[in-house]
Amino acid sequence: MKKLFLIVFFYGISLALASAQQPVNIQIKLSGLTGEACLFVNYFGTKQYVKDTLSISKESVSIKRDSLLEPGMYCLVSLEGNLIMDFFIDRDEQQFSMTSSLKNLAGEMKVKNSENNALFYQWINQQADFKQKKFEQQPKLLVSRFMKALQDVEIPFQHDNGDEIPQPERLYYAQHHFFDNLRLDDEDLLRTPLYGKKLEWYFNNMMTPTPDSVIKYADMLIEQAKESFITYKYVVWQASYYAETSTIMGMERAFVHIIDKYYAPNDSLALPDLRDRLMKRADELRHSLVGAKAPNMMIQDSTFVLRELHEMDTDFVIIYFFDPDCGHCKAETDTLVMFYQQEKENLNFDIYAVCNDTSMQKMKQYIQTRNIPWTVVNGPRTATKHYSVLYDVPSMPTLYMMDKDKIIIAKRLSPQQMIDMMRRKK
C-alpha cells in the first residue's frame, strides 16, 4: 500500500507540473459548431492574422500553449472565412472556458475563470447604463479599457460663461483630446480591432490636410505611444504610410520628416529591406519638395548650349519632364503649346522642358513636329547632377512649377491645373 501511495503521489505531482508548464488552456464549446476545424485568429492594428488551425471535436475546440499568449482580442473563424466568435485573452486569464450556442451566442454564454469575457458578453446583453457602471468598476481589465476606448470624447460647445466656443477651438480640442479614452501606449488595445481603426480615422479626418499639420500631429501621437516600443513602432509606421500614400500635393515633406526623425536614427523600427526602401524613397523626394527651392539644372539644348533653369526670369516656370516616345507626353505637349500661345504674356510664365532620351536627333525632331516654342534640353547631357537625382520623376510626363524666387509651388498637376494656379496667384 505504501508503494502504491507513493506512485499515486508522484503521478499527481507530475500532472501538476505538466499543467504548470502549459499556462494556456482555453476550452470553447459551442452548440451547433460543425466541421473538422476552424481558425484561431488574432487582431493587430487594422489586420487579422491566423495563429493556428484548431480541430473541432464534439462541438468544442481547445487552445493550449506552452507559453503565454499576448493579451488582446482573438476570434474563431470558419475555414470559409466567417466569424464565429470574438473573445479576450488577458495576461492573468489564460486558463478559462466558454460555453454557448451559435444560435444565441451572447444570450447563452457561460464563462468560467475569465472576468474579461464574462463582462464582455454581459455588456452585449445589457442596457447602456449597466455597461458604463460595470466597466468603470474594474478599469484595469482589458475589456474595460476596450469599452472605455469605444466612447467618443465629449467636446465642449460652451465656455463657462455660456458663450459658444468657436469651431476652430472645438477642432483644436478634438485634435488634442481624441485619444483621451485610449492610451496610445496600450499595446494590449493595439491587439484589438479598435486601436488601428481609430488611429486611421484620426489621420484621415482629424488633421488639416497639409504637411505642417501632419508633421505636428504625427509627432504628437508618436510621443504619446513611445512608452511601448510596439505601439511606438506601429504609430510611426501608420504616420509614414499615410504621408507616403497621400494624394495631397506636398505631403512628401511630411513623409521625409518622419523618415529622417524616426527611421534614420533607429534601425530597429523596420526590417532592413523595408527601412532601406523608405530611406531611399525619402532621398528621392527630399530635393524637390513643395515649398523648397527648385534644384538648379544646367543642360544642353538642341544647339549644344548649356541652358540654366535658374536663369529663367519670369513670374512662373513650368519644369516639364517628358519622353519623346510617350503618347501621353505628346498630348500633354500639345496642350502646353496651346496654353503657352494663349497665356504666356498675360501670366508671365515660361517652360523648361527636359527630354529623357539620349538621342539629340530624336529631341530635335520632336521639337519640330510639335512646334515647341520654349526651351528644351536633353536630360542626360548635363553639367549638374542628373535630373532624376535632383527631381522625383516617377513617370512621364511629370510637371513642376516654380515661382520667381525659384521656390517649387506645385508638382504633378495637369497643364490646366498649372494655368489655374498661376491665375489665382497673379
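When I say two residues are in contact, or touch, I mean heavy atoms within 4.5 Å. With that in hand, let's start with Arg170: leaving aside its neighbours within four places in sequence, Arg170 is in contact with Ile155, Pro156, Phe157, Glu164 and Ile165.

Quick housekeeping. This is a predicted model, where local features need pLDDT of at least 70, side-chain atom pairs count only at pLDDT 80 or more, and totals for chains, interfaces and linings use all residues. Residues are numbered from 1 along each chain as its sequence is written, and side-chain values use heavy atoms, with hydrogens and water left out.

Back to Arg170. You'll find Arg170 in helix H5, residues 167-177; helices (H or I, at least four residues) and strands (E, at least two) are DSSP runs, numbered from the N terminus. Arg170 is buried, at a relative accessible area of 13%; buried means under 20%, exposed over 50%, and partly exposed in between, with a 1.4 Å probe and protein chains only. What does the side chain of Arg170 reach at 2.5 Å? A polar atom of that side chain sits 2.5 Å from the backbone oxygen of Ile165. There's also a polar contact of 2.7 Å between the side chains of Arg170 and Gln167. By polar contact I mean a pair of N or O atoms within 3.5 Å; within protein, one must be able to donate a hydrogen and the other to accept it, and residues adjacent in sequence count only if both atoms are side-chain atoms.

Also in H5 is His176, which is partly exposed at 26%. The His176 side chain reaches the backbone oxygen of Tyr172 at 2.9 Å. Not counting residues up to four places away in sequence, His176 touches Lys216, Tyr217 and Met220.

Val214, Ala218, Leu221, Ile222 and Ala225 in H8 meet a set in H9 including Tyr232 and Val236.

Last one: Asp301, in strand E9, residues 298-301. Buried or exposed? Asp301 counts as buried, because its relative accessibility is 8%. Its side chain makes a polar contact with the side chain of Arg307 at 3.2 Å. Beyond four places in sequence, Asp301 touches Arg307, Met360, Met363, Val376 and Val377.
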